[in-house]
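These notes are meant for a colleague who is meeting this structure for the first time. Please read the numbered points with the sequence and the model side by side.

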Amino acid sequence: MLCGAGALLGLTAGSARAAEVSYATHCVPPAGIDPVDGTTKVDIIAPATAKVGDTVDIVWKFVQAASKNPDIIDLPANSVQPSGTLKAAGAQTADVTVRGPRENPAIPKGGAMVLSDMKGTLKLTAPGEVTLTPGAYTVNAMSTNTVCTPTGTVQKAATIEVTAGGGGTSSASPTGSGTASPTGSPTGAPSGTGTPSASPSGGDDGGTDTGGSGSGGQTDFTGKQVDIPYTCQSPIGEKKATSPIRIDARKDGGGFGLTVRFGKSVMNSPADIPKGSVKPSMEVVLGGADKGTVHGAGPVNAEDIKSGDPIAIPDLTGTYKPGATGRSTLSPGVLTIEALGTTTTCTPDRTAVSLTLDTTQQANGASGGSGGSSAIGGSASSDGGLAATGADDHGALKALGLVAGTAVLLGGAVFTFLPGRRTR
């Protein structure tokens, strides 16, 4: 009896109707990536019959995306969100907006794209036959959009027979869930190359005059926060951002332990970021009496960063061994972000002195660049190499990561729908 009842219900007039259609698609990824021509296959599910006044649920299921994830970066789970438009025609004409949740498994480089089902609703206003045809759609992958548009005639994928009367409204499904792209553009992407533009006096150049070696026993020196504009080169193109940065120092014998501090977080994470996947470092530029750079590094993110959560900024630390006696300046320099198997390099469009120190030359010091940078996470070398000690005081941070670098890398280096061809 139960089986018979189920069969009877499955054959009632309102049963859903699904049809698969395939159509040529032209996809335009973010700037720096060539457009892609591929094939999209979808199923459109809608009621077979309904009445005027009903609001019906429509589901767009992806059978095949236009192509695979390119061989640039792994897409984390829950980082891709599709949205699109269906064309209603016949008894009534309308554009039906559909959207899917930001739900996907982790997609490796070169892996098949997996897009969630998109849902929308249509209120029926006239009796007759209403056809549904898939149209353009957009794929948002960690704050970047790829827009895909049909290039030829697309066959109708579903038909609803609408009868007069009724006026009731069937329960409508939400038009999609998911996290939207982060609000506001990042204003913080650290550092770049170039020599400091200020003189060693530290008065008008944004530096802070402090006593260094032989200054009456002072050990802690606080720099001035300076806004540094950066141009960042990600795997797919160029991004610009500005970050407030401050360089502090603590005297340790003849050298100084440096800490590069960034302003507050200015954006939420555009996607789920797994722990241990973001590693920032910077070359602090020396000027005035001294020359060269000091390598500083920060800790990787110790916890997963959920989509929509703020990205806190870790301090970058290193050791400065002076190579000259006199007044030496420290300015933000080149920033490097390693994340999810790729590297983004940010270079300052202009820099400014954050800290000025009175220094005394040390054997094998930094002057002339001989005190070059040590490896990230390394220890001080016996010849005065610059240590990259990670920060030890960030246990309370809600999430670790570098705001601008992460935004550029995860927002600019991720896109969808490349065919079986490699990018430039």
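1. W60 is buried, with a relative accessible area of 0%, where buried means under 20% relative accessible area, exposed means over 50% and partly exposed lies in between, for a 1.4 Å probe and with protein chains only. Y137 likewise counts as buried, at 1% relative accessibility.

2. The structure holds five aromatic pairs, a pair being two rings of Phe, Tyr or Trp (for Trp the six-membered ring) whose centres lie within 6.5 Å, with planes under 30 degrees apart called stacked, over 60 edge-to-face and the rest tilted.

3. The model is predicted, so local features need pLDDT of at least 70 and side-chain atom pairs count only at pLDDT 80 or more, whereas totals for chains, interfaces and linings use all residues. Residues are numbered from 1 along each chain as its sequence is written, and side-chain values use heavy atoms, with hydrogens and water left out.

4. A further aromatic pair joins F221 and F256, again edge-to-face, with 6.0 Å centre to centre and 65° between the planes. F221 lies in strand β11 (residues 220-221) and F256 in strand β14 (residues 255-262), so this pair ties together parts that are 35 residues apart in sequence. Both partners are covered: F221 counts as buried at 2% relative accessibility, and F256 is buried with a relative accessible area of 1%.

5. For the chain as a whole, there are two helices and 21 strands; these are DSSP runs numbered from the N terminus, helices being H or I of at least four residues and strands being E of at least two. Buried residues make up 50% of the 424 residues in the chain. The chain exposes about 17,500 Å², of which carbon and sulfur atoms supply 51%, the accessible areas coming from the Shrake-Rupley method with a 1.4 Å probe and, for residues, with only the protein chains shown counting as cover. Among contacts between residues at least 6 apart in sequence, 75% join residues at least 24 apart, a contact meaning heavy atoms within 4.5 Å.

6. A polar atom of the T25 side chain lies 3.2 Å from the backbone oxygen of Y23.

7. Strand β15 (residues 278-288) is mostly covered, with nine of its eleven residues buried. Which strands pair with β15 in the antiparallel sense? Strand β19 (residues 335-339) does so over five bridges, strand β16 (residues 293-297) over five bridges, and strand β18 (residues 326-331) over four bridges, where two strands pair if DSSP finds at least two bridges between them.

8. S281 stands opposite T336 in β19, V284 has V294 as its bridge partner in β16, and G288 stands opposite S328 in β18. The hairpin of β15 and β16 has four residues between the strands, and in it G292 takes a positive phi near 110°.

9. N78 has a positive phi of about 60° although it is not a glycine, and its place is in the loop between β4 (55-64) and β5 (80-90), where N78 counts as partly exposed at 30% relative accessibility. N364, also not a glycine, has a positive phi of about 55°; N364 is found in the loop between β21 (355-359) and α2 (403-412) and is exposed, with a relative accessible area of 51%.

Terms used:
A polar contact is a pair of N or O atoms within 3.5 Å; within protein, one must be able to donate a hydrogen and the other to accept it, and residues adjacent in sequence count only if both atoms are side-chain atoms.
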